[in-house]
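Here is a short briefing for a first look at a structure. Keep the view open while you read.

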Protein chains: 2
Amino acid sequence: MSIRDLARHLDISIGTVSRALNGKADVNAETRERVLEAAKRLGYVPNQSGRSLRQGTTNTIGFMIESTIETVDGGGSFFMPVFEGVQSVFRRHHLDLVALLCGTDEDPASYLNRVVARRFVDGLIISATARNDPRIDFLLERNIPFVALGRSATKGDYPWIDLDFEGVAATAVERLVGFGHRRIAIGTPASDLNLGYLFLDGYKRALAASGIDFDPGLVLPANGHEEGGYQVASALLAQKPMPTAIILVNENMAIGLYRRLYEAGIHPGRDIAVIGFRESTQSRFLSPTLTCFRISLRDLGIKLAEALLSTLPAFAGQYPPERVALIWPMELVPGESDRTVPGAGTAHASTSIPGS
Amino acid sequence: MSIRDLARHLDISIGTVSRALNGKADVNAETRERVLEAAKRLGYVPNQSGRSLRQGTTNTIGFMIESTIETVDGGGSFFMPVFEGVQSVFRRHHLDLVALLCGTDEDPASYLNRVVARRFVDGLIISATARNDPRIDFLLERNIPFVALGRSATKGDYPWIDLDFEGVAATAVERLVGFGHRRIAIGTPASDLNLGYLFLDGYKRALAASGIDFDPGLVLPANGHEEGGYQVASALLAQKPMPTAIILVNENMAIGLYRRLYEAGIHPGRDIAVIGFRESTQSRFLSPTLTCFRISLRDLGIKLAEALLSTLPAFAGQYPPERVALIWPMELVPGESDRTVPGAGTAHASTSIPGS
DNA sequence: ACTGTTATCGTAAACGTTTACGGAAGGCAT
DNA sequence: ATGCCTTCCGTAAACGTTTACGATAACAGT
């Protein structure tokens, strides 16, 4: 069922059929009607390869994610809502969205190379940007439209949207200081990911603003998984005196942290204050419920999509080109985990912990 | 940088270049060497659109996931390892894997229609199969190669791999009965998803085998999120006498359940036995750690890929056609949550729960 | 010298589109 | 009647590949 068949069937030239389908102006209203009707009736759908070959465009946008996403993503629940938002915009413009999975055994840059060289997509959304991300240089160099979810330290003018890690860390510190805390630890992945750097930066800045000296010993590096949180808790317990508060970069870490504290008979929310990041569906079901930060992920996706559209030549009319450089705000969601007064003593007699 | 440029640059015909690149036999070893070298040096990558147009094949496989995945997937961590496995197989055959995201506001069947009509992919992996899944009929009808992760009740001969929900439920029941439990509740999504049906089936079967009457009041329907678990716990607490054990279909539910039980002063693992499904990175960090079932997700992905390959015409030589219909086994991982003796009394004086 | 075989390569068609270009037909004013 | 504009449509080229087919040359065998 090609366009040729359709044309033969209608006894019209193939060019007219194409024009009718694509909404070109110079085609009679009645003929267009006939064409559209027949196309629907015969189930004709234009072949994407032919179209791409001719126009040099694929009407497809790729959202690239590594399978080792861990830091922000609470196990994957981060991306789905973002996808939703992106797709809601793209659908209106007849763009398809596919997720590009780069396996752990392949270099992200070479993967990207393959994707763009093959003319798979018209544009890209990349995420989990490293502090120095070769993909950005690559895309800039080849002039491929893209937008980055997460800024990097790379020079160059490109559109990006990033979460306000700095602000989150600062807000958390300010809140804890307001509660009277002075020894505030922070658990963050010692990573080349940019967010680790930013997170620490906000932490330091807020400490300084509160007149508290920065103590490198309170920075507890760990991966973003549950084990990481577990290790952070162990490091916490080893300190004397124990810090009275801890800020985490990732909710999975909170679960590991809770576990280790419970094993030691320390109750988060009573013996130590915990603020986590990012809110997930679990946050309010942990015991204690976790004070954390909410992100409107769907809106983030929408904004990402719009930012990309404004870099696509084909949409220059509708979305005037503008360099998006946006720091995405987040909202604190109070929980039970930071309701604690630092002077009340840290080494409570523990209540019995089931199973430990 | 098309194949034409490459040919001109080498002063060879364009046909020879193509043959050299594709490893055809009738090309001189030395010329092939020259072509390959020049291609690499000039960064030539064949244009996928042109190739697809000519061969009618895209070298791309789509893995379709709805964005509302909830039941099996602990927030997304289910798919990534599966993707890894699938991709590890596909890469060896120069197939690309893309994830197809069907938004919640679009009908999965119509989405699928668009994808295949456009000749986007050569084959498909679909997941989250409903008990009656129109996608399966659609794909069978059009003779599109695919494999389903999850069987449905649909008639027809198609390859599928499914988790052993029935076996899991039965194993859980047997284990609990072995510990002396008689009143065993089950929390499962009252869904049109096939897994809900299968799960309940295994539960009933194992009960019957143990000579325990099936009590419909012990089937507690709820969604697969934390709220669902929370509701299940509420329903549990409302029963007199309270069941001594509960089986859950999803780990997110376990977190909600724990929360509700803690609020009521009931300790899972001491006052009530809990068995969950599926193991995630969190399972051993909950308190009590969750008895659950482990799935080798990467291997599952590998098997899925091989099943698909054996249905692709282009690989009929290497992967002889065979109808895969596989029930994927799972392994019980003991935790602390089901270490309880049913006779020891259910309404312990609760220890203080922080934050409640 | 003729035929047959083999190795290697060039030629050209084909895949399904889109689109620049031109042509035909009609209407209107001069 | 001529010229001009508008509306509509057909023609054909082009996008980048792959591949069936034929051509050439070299070589061996008779």
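The points below cover one strand of chain A and the protein surface around DNA strand D.

This is a predicted model. Strand S3 of chain A, residues 123–127, is largely enclosed by the rest of the structure, because five of its five residues are buried. DNA strand D has 28 residues around it.

**Strand S3 of chain A**
- In a regular strand, side chains alternate between the two faces of the sheet.
- Both faces of S3(A) are covered. A:Gly123, A:Ile125 and A:Ser127 are buried on one side, and A:Leu124 and A:Ile126 are buried on the other.

**Its neighbours**
- S3(A) runs parallel to strand S1 (residues 60–66) of chain A, joined by four bridges. A:Gly123 is the bridge partner of A:Ile61.
- Four bridges also join S3(A) to strand S4 (residues 146–149) of chain A, again in parallel. There, A:Ile126 has A:Ala148 as its bridge partner.

**The surface near DNA strand D**
- A:Thr16, B:Ile3, B:Ser18, B:Tyr44 and B:Arg54 come nearest.
- Helices H2 and H4 of chain A each supply at least two residues, as do helices H1, H2 and H4 of chain B.
- By class, eight residues are nonpolar, twelve polar and eight charged.

**Contacts with DNA strand D**
- Sugar or phosphate accounts for 57% of the DNA strand D atoms within 4 Å of the protein; bases make up the rest.
- A polar backbone atom of A:Asn28 lies 2.8 Å from a phosphate oxygen.

Conventions:
Residues numbered from 1 in each chain as written. Chains lettered and ligands numbered in written order. Predicted model: local features only at pLDDT ≥ 70, side-chain atom pairs only at ≥ 80, totals over all residues. Heavy atoms only, no water. Buried < 20%, exposed > 50% of the residue type's maximum accessible area, 1.4 Å probe, protein only. Pairing = 2+ DSSP bridges. Near = heavy atom within 4 Å. Polar contact = N/O pair within 3.5 Å; in protein donor to acceptor, adjacent residues only side chain to side chain. Nonpolar A, V, L, I, M, F, W, Y, C, P; charged D, E, K, R; others polar.
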